[in-house]
Amino acid sequence: MSEATPAFRDHLVRVLEWDDAHVTFDRAIEGIPAGQRGARPSGFEHSPWQLLEHIRIAQEDILDFCVNPAYAHAMRWPDDYWPRDPAPPGPQAWTDSLASYARAREAIKRLAHEVADLTAPVPTGTATQTYLRAILLTADHTAYHVGQIVALRRALNLWPPA
């Protein structure tokens, strides 16, 4: 896809945050009260904090994989991708995680526009680990966990956001 049209690239960027078929990450996470960020109602494995951090960590790892020619997959699954504690270590951690997520999402959007060939393998990837795959993987992974956040918020009587 070295010949990807600007319209295709714009559409690819939109997939990272569209609300055509489901709630966006921003809407799903919006307004969760500080006292509920570590809550895990019965039947739920993760808290809002754990889901937010997991999405952020995975997205940043995918971004690093795409842009770092010295990338080495050193993280262990699942330990390094999920926070152990259901609650944020402090109020600033929530804010910092949201800001970090937003920065990485913007960087992935820039990749969609700036990478010359979206079907080229990322620097340390295999032939099938392309920039296009990484962008779609990011969108798919986030959407999956956004659904979990909405279900969790419903169980906590926090949906829809006020």
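**Notebook: salt bridges, a helix face, a pocket**

I started with Arg76, which is partly exposed at a relative accessible area of 49%. I used these classes: buried is under 20% relative accessible area, exposed is over 50%, and partly exposed is in between, with a 1.4 Å probe and protein chains only. The model is predicted, so local features need pLDDT of at least 70 and side-chain atom pairs pLDDT 80 or more, while totals for chains, interfaces and linings use all residues. Residues are numbered from 1 along each chain as its sequence is written, and side-chain values use heavy atoms, with hydrogens and water left out.

**Entry: salt bridges**

I asked which residue pairs with Arg76. Asp80 forms a salt bridge with Arg76, and their closest N and O atoms are 3.4 Å apart. Here a salt bridge is a side-chain nitrogen of Lys or Arg within 4 Å of a carboxyl oxygen of Asp or Glu. Asp80 is partly exposed, at 28%.

I then searched the whole structure and found ten salt bridges. One of them joins Asp26 and Arg105, with the closest N and O atoms 3.2 Å apart. This pair links distant parts of the chain: Asp26 sits in helix H2 (residues 25-29) and Arg105 in helix H4 (residues 91-114), 79 residues apart. I took helices as DSSP runs of H or I with at least four residues, numbered from the N terminus.

Are the two ends of this pair buried or exposed? Asp26 is partly exposed at 37% relative accessibility. Arg105 is buried, at 8%. Both belong to a salt-bridge network that also links Glu17, Glu106 and Lys109.

I noted another pair, Glu30 with Arg27, at 3.7 Å between the closest N and O atoms. Glu30 is partly exposed at 35%, and Arg27 is partly exposed at 34%.

**Entry: helix H1**

Which residues of H1 (residues 6-15) are buried? I found Arg9, Leu12, Val13 and Val15. Seen down the axis of H1, they fall within an arc of 160°, so they line one face of the helix. The arc is that of the directions from the helix axis to the C-beta atoms. The face turned away from the buried side carries Pro6 and Ala7, which are exposed. H4 and H5 are among the elements that cover the buried residues of H1.

**Entry: two buried residues**

His46 lies in the loop between H2 and H3. His46 is buried, with a relative accessible area of 15%. Leaving out residues up to four places away in sequence, I listed Ala39, Arg40, Leu51, Trp82 and Leu152 as touching His46. Contact means heavy atoms within 4.5 Å.

Ala93 is in helix H4 and counts as buried at 17% relative accessibility. Beyond its neighbours within four places in sequence, Ala93 is in contact with Trp49 and Pro88.

**Entry: largest pocket**

A pocket is an open set of points on a 1 Å grid over the protein atoms alone, where a 1.4 Å probe fits, with protein on both sides within 12 Å along at least five of seven lines; lining residues have an atom within 4 Å of a point.

The lining includes Asp61, Phe65, Tyr71, His73, Arg133 and His141. Helix H3 (48-67) and helix H5 (131-155) each supply at least two lining residues.
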